[in-house]
Amino acid sequence: MNIKRLVVIPNIIVSSIVFKPPIIHIYASLSGKRAKCPECKKYSYSVHDRYERRITDLPVFQYHSRKTLAVDKFKCRNEKCKRKVFTEQNDNILPYARRTERVTRLLSDIAIDMPTGSGHVISEILQIKVSRSTLTRRAHQQPLPDINTLTVVGVDDWAFRKGVNYGTILVNMETSKPIDMLPTRDSEDLKAWLRDHPGIETITRDRASSYSTAIDSISPNTVQVADRFHLLLNLSDALDTFF
């Protein structure tokens, strides 16, 4: 198989590939000889300047891959346009991004599906090294799904910054998908959320008194289930203290 097929991105021309362990360097440029002005939407063929962008892409043969992309700046020849110079774009590489869009989607899935500590380890195994804080930001930036009828909801705290400040995450337990995030873990925030979402039949939560107080106050008929993990953790702590 031609290695260029593994690193190809639509509308990008690969000029050369250099392997310097542990990185595969891909040198490429955008394929268009013209570009559309983002302001007036008219095409220009007039190249003003060129610069390089270094972008992380998906791993190849278990090696980290980095694209050095030559990008042209064009002059807008529309005299009525306010934009004089603009940069050619590619839908798979967003402006100012240091990663391709497909890498960003992969990191977003990792950030949502697992804790940042585990996600950090997985990203290193995949040769896409990012920090825990980057994965946390990716999780925060994900759009929350539309909320329809909710019957079983999970409530737990969420560390914006571990040991410093916490919020509350709410999960649709029937789909195992996050549905909302509250800025604190105070009972007042959860009360306000419960008022806006009546009809919940069951709530699974940890043993924090703020959560139980909010639920008792707004939804006294809702069945509350203490999360098994927290029960086992509390039992373990108690046994350690006793023995």
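## Charges over aromatic rings

In this predicted model, arginine 34 lies over the face of tyrosine 43, at 3.7 Å from the ring centre. A second contact of this kind involves tyrosine 166, where the charged end of arginine 185 sits over the ring, 4.1 Å from its centre.

## The hairpin of E9 and E10

Strand E9 (residues 165-172) and strand E10 (residues 177-182) run antiparallel and are joined by 5 bridges. Asparagine 172 stands opposite lysine 177 in E10. The two strands, E9 and E10, form a hairpin with 4 residues between them, and serine 176, which lies in the turn, has a positive phi of about 60°.

## Aromatic pairs

A pair of aromatic rings is described by the distance of the centres and the angle of the planes. The model has 2 aromatic pairs. In one of them, the ring centres of phenylalanine 19 and tyrosine 63 are 4.8 Å apart and the planes stand at 65°; because planes over 60 degrees apart count as edge-to-face, the pair is given that description.

Since phenylalanine 74 lies in strand E6 and phenylalanine 86 in strand E7 (residues 85-87), the pair ties together parts that are 12 residues apart in sequence. Phenylalanine 74 is buried, with a relative accessible area of 1%, and phenylalanine 86 is buried as well, with a relative accessible area of 1%.

## Salt bridges

Side chains of opposite charge can pair when their charged atoms come close. The count of salt bridges in the model comes to 6. One of them joins arginine 50 and aspartate 72, at 2.6 Å from N to O, and this pair links distant parts of the chain, with arginine 50 in strand E5 (residues 47-60) and aspartate 72 in strand E6, 22 residues apart. Aspartate 72 counts as buried, at 8% relative accessibility. Another salt bridge is formed by the side chains of arginine 54 and glutamate 52, at 3.7 Å from N to O, and here arginine 54 is exposed, with a relative accessible area of 55%.

The side chains of aspartate 57 and lysine 67 meet in a salt bridge of 2.5 Å, N to O. Because aspartate 57 lies in strand E5 and lysine 67 in strand E6, the pair ties together parts that are 10 residues apart in sequence. Aspartate 57 counts as buried at 2% relative accessibility, and lysine 67 is also buried, with a relative accessible area of 2%. Asp57 and Lys67 are linked with Arg102 in a network of salt bridges.

## A nonpolar surface patch

Val121, Ile122, Ile125 and Leu126 form a nonpolar patch on the surface, and together they have about 320 Å² of accessible area. Leucine 126 is placed in the loop between helix H3 (116-125) and helix H4 (132-141), and counts as partly exposed at 32% relative accessibility.

Technical notes. Residues numbered from 1 in each chain as written. Predicted model: local features only at pLDDT ≥ 70, side-chain atom pairs only at ≥ 80, totals over all residues. Heavy atoms only, no water. Patch = residues over 30% accessible without salt bridge, like charges linked within 9 Å, V, L, I, M, F, W, Y side chains within 5 Å. Areas by Shrake-Rupley, 256 points an atom, 1.4 Å probe, with all protein chains shown as cover. Salt bridge = Lys/Arg side-chain N within 4 Å of Asp/Glu carboxyl O. Buried < 20%, exposed > 50% of the residue type's maximum accessible area, 1.4 Å probe, protein only. Phe/Tyr/Trp six-rings, centres within 6.5 Å; stacked < 30°, edge-to-face > 60°. Lys NZ or Arg CZ within 6 Å of the ring centre and 35° of its normal. Pairing = 2+ DSSP bridges.
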